[in-house]
Structure formats: C-alpha cells, structure tokens
Amino acid sequence: HTHNNTTSSTMSTYVDATSGAVEHCETMGNLHTELADKYQEIATLCRSKLWHQLTTSIQTFVNDPEANLRTTPEGTNSFLALYDKVVLCVDKKLNPLSLASVASSVSDSLMQSDGTAAKAVLENLLEKKARLGVPPTLYIESKLNLLSLVLMEQQPVTDMEAAIRPIKESIKKNAQVLQEMAEETTTSLVHSAHYECSMKYRKAVGPPEAFYQEAISYLNYTPMDQIHDPQALAVDLSLAALTGDGVFNFGQIVTKPIMEVLRSTQYSWLVKLIGIMADGDVGAFDELTTQHAQDIQSQPALVNRASVVKEKITLLALVNMVFERPSHERTLTFQEMAERIQMDVSKVELVVMRALSLKLMEGWLDQVSQEFEVTWVMPRVLTSGQMKDMASRFGEWAV
C-alpha cells in the first residue's frame with residue numbers, strides 16, 4: 001500500500017513539473033502576444049510529452065534571439081527563464097547533446113549582459129556529465145572554454161598565462177578524446193565546438209600556422225550559416241595563411257566558401273592576393289602589393305612578416321612552374337627558374353635549396369649544368385583554373 005503511495009507521489013511531482021512549465025509558457029505568451037503561438041507550441045508539446053519535437057521547437061526558438069528574446073514579468077532574460085522553468089524540468093527526457101546545444105544558446109543570450117550568469121548555465125549542466133555522456137560533455141567544455149576566452153578578450157586579466165593554462169590543458173585533453181572517438185559517435189556539432197574553441201585559443205596565443213590549422217578544421221565541420229562573424233574569420237584565415245610558417249597550400253583556402261564573403265568588402269584585395277599565391281604569380285603579386293600598399297600597411301601581421309610572404313610567393317612560383325609542365329619535362333634550367341621567380345640567376349640555387357629543405361619538392365641540383373631535375377612536388381588542393389589546366393593535360397596523355 002505504501003509502495004503505491006510513493007509511485008503516485010512521484011507521478012504527481014512530475015505532472016506538477018510539466019504543469020509549471022506549461023504555466024510559464026502561458027504567462028509569457030500573454031505578456032508577449034507576438035510570441036504567443038511559439039510559447040503555445042512549446043506548452044502543447046510539453047503536455048503531450050513529445051520530447052523530441054519539444055527539443056527541436058525549443059532549439060529553434062533559442063537559436064533566434066533577434067526574433068524571440070524578451071524579458072520576463074520579473075525583468076529577467078526570457079531564454080534563461082524558459083531553460084530553468086521548462087527545459088530543466090524535463091531534462092532527463094531530452095537528448096543530451098540537444099540539451100547541451102540549447103544550454104549553449106541560452107548562455108550566448110546572456111553574454112552581453114552577464115558573463116557570470118552565461119558561464120553558470122554551462123557549469124551547472126557540466127555537473128551532470130556522468131549522465132550526459134562523453135560527446136555532450138566535450139561540447140559543453142568547449143563552449144565554456146570559448147566563453148572564458150571571449151570574456152578575457154573583453155576584460156583582460158592580470159595574469160593571462162595562469163588564466164589560459166586550464167583552457168590549454170582542456171583543449172589538449174579534448175583533442176585526444178575526439179581522436180579516439182569513432183566518427184559515428186560524435187556529430188559535426190561536437191567537432192565544430194572543439195575547433196572553434198581551439199581556434200580562438202590560437203588566435204590569442206599564436207602562432208599563425210597553428211591558428212590556420214584549427215580554423216580549417218573548424219570550417220570543415222561548420223555550416224556557413226552557423227559561423228558567428230564570417231568576415232572576421234575570413235580575414236584572420238587569410239592573414240594566417242600568408243604569414244604562417246609552412247602554410248603553402250593556398251588552393252585549400254581559395255576553394256573555401258567563406259572567402260566569397262570578402263569579395264564585395266574592402267578586403268576584396270585579400271581574396272585576390274590568396275588567389276595570386278595559389279597560382280604562384282610573382283608579377284601579379286608585385287602589382288597587387290604596390291596597388292594596395294596602404295591596405296597592407298594597415299595589417300600589422302603582413303607588415304611584420306613581409307619577408308615571409310615574399311619568400312612564399314617566390315617558392316610557390318617555383319612549385320607552380322613544375323605543375324604547369326608536362327610530366328616528362330621535369331628538368332628546369334636556372335635561367336627558366338630565374339625568369340619565373342623574377343630574380344637574378346645567381347639567387348636561383350638558394351631558392352631551390354630552400355624549397356628542398358621545406359619539402360615542397362625533391363630532386364637533383366646540378367650546379368655545373370645549371371639545372372634542377374624534379375622527382376617529386378608537394379600535393380595540393382587545386383583551384384578551378386588549375387583543375388581546367390589539369391583536365392587539358394589529361395587530354396594530352398589520352399592521345
């Protein structure tokens with residue numbers, strides 16, 4: 001008999017939980033009549049215990065703060081109230097990763113007004129990590145680290161190194177966890193959150209080539225419409241590619257949709273510059289850097305690493321020279337190379353040695369006959385122009 005009582009009492013608290021949630025939705029719908037339909041939908045799904053649809057509905061709602069964020073009768077953030085009074089009442093019924101993603105949107109909506117409250121939403125959810133499982137936990141940790149980095153940017157801390165150390169360790173640990181997890185157990189959402197955080201970390205501490213690698217990984221897992229500030233990211237990515245040590249695969253960036261964002265802005269010259277690098281065109285490089293000298297001066301990264309950028313275009317001119325030749329013509333004379341890289345013949349040998357040491361190509365250098373025989377050249381992502389060129393050469397081979 002007592003056993004039945006406990007069952008009915010747990011049932012009633014559960015019903016009460018959803019009735020409190022429904023009541024909240026009704027109050028908010030009455031207060032903000034323009035959102036009444038949306039709140040009504042959430043209330044109906046909650047009553048009907050359609051947890052998957054409820055999650056999707058709430059996710060869509062909190063993903064659009066511009067349209068849906070309001071204040072409650074008490075003057076607090078309406079997304080936080082929805083999260084506290086609806087989501088947390090039924091959180092055990094929801095998909096853990098969806099729950100984490102809702103919490104992240106709620107946290108984002110608090111960022112402008114209250115960084116501490118924004119962190120608290122994620123920190124409190126992280127306490128339930130045993131129940132959430134590995135991918136959602138990794139997602140929340142990444143979002144929390146990202147939030148800490150953004151807050152540090154807004155309000156610099158006295159001991160930056162001490163503040164950033166736990167974030168660095170967390171990123172390192174999570175990178176390892178991601179690697180060990182099978183692709184099918186995580187979604188692009190988890191990868192995207194991790195790489196966004198590690199990219200932000202590298203933006204803060206450098207070096208540019210490390211930022212570049214994290215940013216490329218982030219773009220591989222993140223749809224364009226989910227990138228917070230695509231223009232700023234496209235600029236940062238371009239600068240990192242131009243100035244980062246060992247970044248030579250410019251075809252990889254030229255083909256990224258994010259670069260299109262810059263075409264109609266004051267940074268269109270950067271897109272052109274990246275294209276010129278991919279083609280290894282020294283003449284076009286000199287022309288553009290003269291024409292846009294003032295724009296380049298306004299980018300400290302390009303000013304400070306001007307010699308690195310100049311060396312890259314020279315080396316890429318050499319690499320492209322090899323690519324553009326038929327496969328049986330792999331012997332280059334010093335004179336031909338000097339013309340292509342627009343340098344004196346006496347400098348050619350040094351440039352070739354540099355290309356060899358950077359593993360951009362392999363081959364035999366003959367100082368006596370002033371020739372370089374190429375045996376291997378680095379693989380790379382081709383631009384559409386280079387693809388057409390390659391197609392016409394396939395045609396020649398087929399004959």
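Tutor: A residue is called buried under 20% relative accessible area, exposed over 50%, and partly exposed in between, with a 1.4 Å probe and protein chains only. The model is predicted, so local features need pLDDT of at least 70 and side-chain atom pairs count only at pLDDT 80 or more, while totals for chains, interfaces and linings use all residues. Residues are numbered from 1 along each chain as its sequence is written, and side-chain values use heavy atoms, with hydrogens and water left out.

Three aromatic pairs are found in the structure, where rings of Phe, Tyr and Trp (its six-membered ring) pair if their centres lie within 6.5 Å, and planes under 30 degrees apart count as stacked, over 60 as edge-to-face and the rest as tilted. Tyr39 and Phe61 form an edge-to-face pair, because their ring centres are 5.2 Å apart and their planes stand at 65°. This pair links distant parts of the chain, since Tyr39 belongs to helix 2 (residues 36-47) and Phe61 to helix 3 (residues 51-62), 22 residues apart; helices (H or I, at least four residues) and strands (E, at least two) are DSSP runs, numbered from the N terminus. Tyr39, at 1% relative accessibility, counts as buried, and Phe61, at 4%, counts as buried too.

Phe61 also pairs with Phe79, and here the arrangement is tilted, with 5.7 Å from centre to centre and 55° between the planes. Phe79 has 0% relative accessibility, so Phe79 counts as buried. Through these ring pairs, Tyr39, Phe61 and Phe79 are linked into a cluster.

Another aromatic ring is involved with a charge: Lys312 lies over the face of Phe248, 5.6 Å from the ring centre, where the criterion asks that NZ of Lys or CZ of Arg be within 6 Å of the ring centre and within 35 degrees of the ring normal. Lys312 is also one of the residues that Phe250 touches, together with Ala241, Leu242, Ile274, Met277, Ala278 and Leu316, not counting residues up to four places away in sequence; contact here means heavy atoms within 4.5 Å.

Phe250 leads on to the nonpolar cores, which are sets of buried Ala, Val, Leu, Ile, Met, Phe, Trp, Tyr and Cys residues joined through side-chain atoms within 4.5 Å. The largest core has 63 residues, of which Leu233, Leu242, Phe250 and Met337 touch the most other members. Helix 19 (residues 306-323) gives the most to this core, with ten residues. Apart from that core lies another, of 46 residues, including Met28, Leu45, Val190 and Ala193.

The structure holds 14 salt bridges, each being a side-chain nitrogen of Lys or Arg within 4 Å of a carboxyl oxygen of Asp or Glu. In one of them the side chains of Arg131 and Asp91 meet at 3.3 Å, N to O. Arg131 sits in helix 8 (residues 129-132) and Asp91 in the loop between helix 5 and helix 6 (96-111), 40 residues apart, which links distant parts of the chain. Arg131 is partly exposed, with a relative accessible area of 40%, whereas Asp91 is buried, at 5%.

Finally, two points of the backbone deserve attention. The peptide bond from Gly206 to Pro207 is cis, with omega near -10°, and Pro207 is found in the loop between helix 11 (188-205) and helix 12 (208-221). Lys359, although not a glycine, has a positive phi of about 60°. As background, most residues other than glycine have a negative phi, and most peptide bonds are trans. Lys359 is placed in the loop between helix 21 (345-357) and strand 2, and at 58% relative accessibility Lys359 counts as exposed.
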